[in-house]
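Try each task before you read its solution.

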Amino acid sequence: MQSFEFAVLDWIQANLRCEALDLLMPFVSALSNHGEIWIILAVLLLLLRRRKQGFSVGTALVLDLMACNLLLKPLFSRLRPCAVNDAVELLITAPASGSFPSGHTAASFAAVFALKCSGSPLWKPAAVLACIIAFSRMYLYVHWPSDILGGALLGAAVGWSGAKIVELAARKRQKA
């Protein structure tokens, strides 16, 4: 499996690496270093009285933090591709945490699925940004393709869960 994943990463390095993307990808990746772009989106939705969507994104991000950073990354403690192959020039500082799953990808897809499941049309542009952020992590050689897939699947699960929790809480509040 690792040889296939190296083939994907090395193909990206050999065929897509260019000056423009070398400038853009660290910036794109930094948008979600700690989920910043998605936290800002949740707060903006709350301020704009889109409470269901804002709380859904916020809840999904909290679930993602617990599942990804507190449980899965320490559990798997997977080495990053840049730690296995140090011949690639990194454009960012190598992250210290484990590689699986991709936290950037998980947070991004958590927001996308929370938006989709809560009925927000913003899920479409968010999905485009989430895919670009996910790709940036491979471009920057800090995640394996399976980390990205795992992050996307985790994000989908916690995004759906976050929206469902908010929906259940709203129903309980209406009954009270």
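Helices (H or I, at least four residues) and strands (E, at least two) are DSSP runs, numbered from the N terminus. This is a predicted model, where local features need pLDDT of at least 70, side-chain atom pairs count only at pLDDT 80 or more, and totals for chains, interfaces and linings use all residues. Residues are numbered from 1 along each chain as its sequence is written, and side-chain values use heavy atoms, leaving out hydrogens and water.

**Exercise 1. Work out the secondary structure of the chain.**

Step 1: Counting the elements gives 8 helices and 0 strands.
Step 2: Read from the N terminus, their order is α-α-α-α-α-α-α-α.

**Exercise 2. Find the partners of serine 118.**

Step 1: Contact means heavy atoms within 4.5 Å. Setting aside neighbours within four places in sequence, serine 118 is in contact with Lys52, Gln53, Ser56 and Ala163.
Step 2: Now follow the side chain of serine 118, which reaches the backbone oxygen of alanine 114 at 2.8 Å.

**Exercise 3. Step back to the whole chain.**

Step 1: Of its 176 residues, 44% count as buried.
Step 2: Among contacts between residues at least 6 apart in sequence, 81% join residues at least 24 apart.

How values were computed:
Polar contact = N/O pair within 3.5 Å; in protein donor to acceptor, adjacent residues only side chain to side chain. Buried < 20%, exposed > 50% of the residue type's maximum accessible area, 1.4 Å probe, protein only.
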